[in-house]
Every structure is written in C-alpha cells, then in structure tokens.
Amino acid sequence: MAPRHAEHLTFTKPRHLVAAGSVAAVVVFLIARLVYGELPPLPLLAGATLLLIAFVDVLLTLNMRPRVKRKPGTEPVDGITAARAVALAKASSLAGAIMVGVWIGLLAYLMPLIATIDAARADTTAAVIGLISAAALIAAGLWLENSLRNPDEPDEPHDDEN
C-alpha cells in the first residue's frame, strides 16, 4: 500500500487570485455587453460593503497576531479558532479577487461610454469605489492569513503543487 501524504492547507497563491479575478472580469464584461442597458443604476456605495468584511479581518489580525506569535501576556490561540480564522482569511482574499474582477470587467465596459452616457459616468464612480473596497478585502484577507502562520513552521511549506 502506498504511503499517504499528509494533507495540509497551503497559503493563498497569487496565481489563484489572479485567475479568479480574470475569469470574473471576462464574464462580467461579456454580461455587461449583453444586458447593461436593462440594468438599474448601481448604488454609489454598492461595493463598499466589502469594507465591512475587510474591517473584521483587520480586527481579527490585530487580536490574533500577538497570540499566534506567543507574545507575553497573551492567551494562546486555540487550534480550531486559528483554523476558522485561516478559512475566513482565504475566503476573504478569494472573494476580494473575484470582486476585483467583477469591477474591472464592468469598468472595461463602462470606460468607452463615459463621454456619451450619463448612467455610465455614475456607474463608473460606483465601480471604482467597489474596486478599491475589493482590493482592501484582498489585502486584509492576506494579512490575516499571514499573521496566522505558525511561528514553529518554516516560512515556505513544501508545495507538491505545480
């Protein structure tokens, strides 16, 4: 019987985020070309809701980082709590990447229309706010994930993935 390889969670790879964002951008661009004229105007702060999740990630990072690093006077992090926080961090960065793609796809459609369509101008502002919010979510998720690295593990885990 072949030996089993220990399965471990790997750190988020930039190529995964870029791939997810790229697919989302292409899909949204194509959908916008088909149905943009039938959609209601975008609320100005539609994408800003992602900042709330980013804020939670930052608060968790500030709370858990000293505990993971075993700073004096802090309570160690329970393993299941750390695992849940890592899952949140990975989900946050992936959701942020997908939403960056969504906003980029929409902006790619809107940019040529800004001079001729008033709705495109207003939607562009909302899309830029969404893009910034999604980028903040990626940053917060990656920071949380990085802060949860076990100080006893090497910086770069072995990666069997190509």
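## Salt bridges, helices and nonpolar cores

K90 counts as partly exposed, with a relative accessibility of 22%; this class lies between buried (under 20% relative accessible area) and exposed (over 50%), as computed with a 1.4 Å probe on protein chains only. The model is predicted: local features need pLDDT of at least 70, side-chain atom pairs count only at pLDDT 80 or more, and totals for chains, interfaces and linings use all residues. Residues are numbered from 1 along each chain as its sequence is written, and side-chain values use heavy atoms, with hydrogens and water left out.

**Charged pairs**

The structure holds two salt bridges, each being a side-chain nitrogen of Lys or Arg within 4 Å of a carboxyl oxygen of Asp or Glu. In one of them, the side chains of K90 and E145 meet at 3.9 Å, N to O. E145 belongs to helix 4 (residues 118-147) and K90 to helix 3 (residues 79-110), so this pair ties together parts that are 55 residues apart in sequence. Helices here are DSSP runs (H or I, at least four residues) numbered from the N terminus.

The other pair is formed by D118 and R121, whose closest N and O atoms are 2.2 Å apart. D118 and R121 are three residues apart in helix 4, and are therefore separated by about one helical turn.

| Residue | Relative accessible area | Class |
|---|---|---|
| E145 | 5% | buried |
| K90 | 22% | partly exposed |
| D118 | 58% | exposed |
| R121 | 37% | partly exposed |
| R70 | 52% | exposed |

R70 is found in the loop between helix 2 (50-68) and helix 3. Although R70 is not a glycine, its phi is positive, at about 60°.

**T12 beside the K90 and E145 pair**

T12 is found in the segment before helix 1 (14-35). Its side chain makes a polar contact of 2.6 Å with the side chain of E145, and another of 3.2 Å joins T12 to the side chain of K90. A polar contact is a pair of N or O atoms within 3.5 Å; within protein, one must be able to donate a hydrogen and the other to accept it, and residues adjacent in sequence count only if both atoms are side-chain atoms. Leaving aside residues up to four places away in sequence, T12 touches L17, K90, S93, L142 and E145, where contact means heavy atoms within 4.5 Å.

**Helix 1**

The buried residues of helix 1 include L17, A20, G21, A24, A25, V28 and A32. They cover an arc of only 135° around the axis, which puts them on the same side of helix 1; the arc is that of the directions from the helix axis to the C-beta atoms. The face turned away from this buried side carries the exposed residues V18, V23, R33 and L34. Helix 3 and helix 4 are among the elements that cover the buried residues of helix 1.

**Nonpolar cores**

A nonpolar core is a set of buried Ala, Val, Leu, Ile, Met, Phe, Trp, Tyr and Cys residues joined through side-chain atoms within 4.5 Å. The largest one has 22 residues, and L106, Y109 and L110 have the most contacts inside it. Helix 1, helix 2, helix 3 and helix 4 are the elements that give two or more residues to this core, and its largest share, eight residues, comes from helix 3. Not counting residues up to four places away in sequence, L106 touches V28, A32, L42 and A127. Apart from this core lies another, of nine residues, among them M64, V68, A85 and L144.
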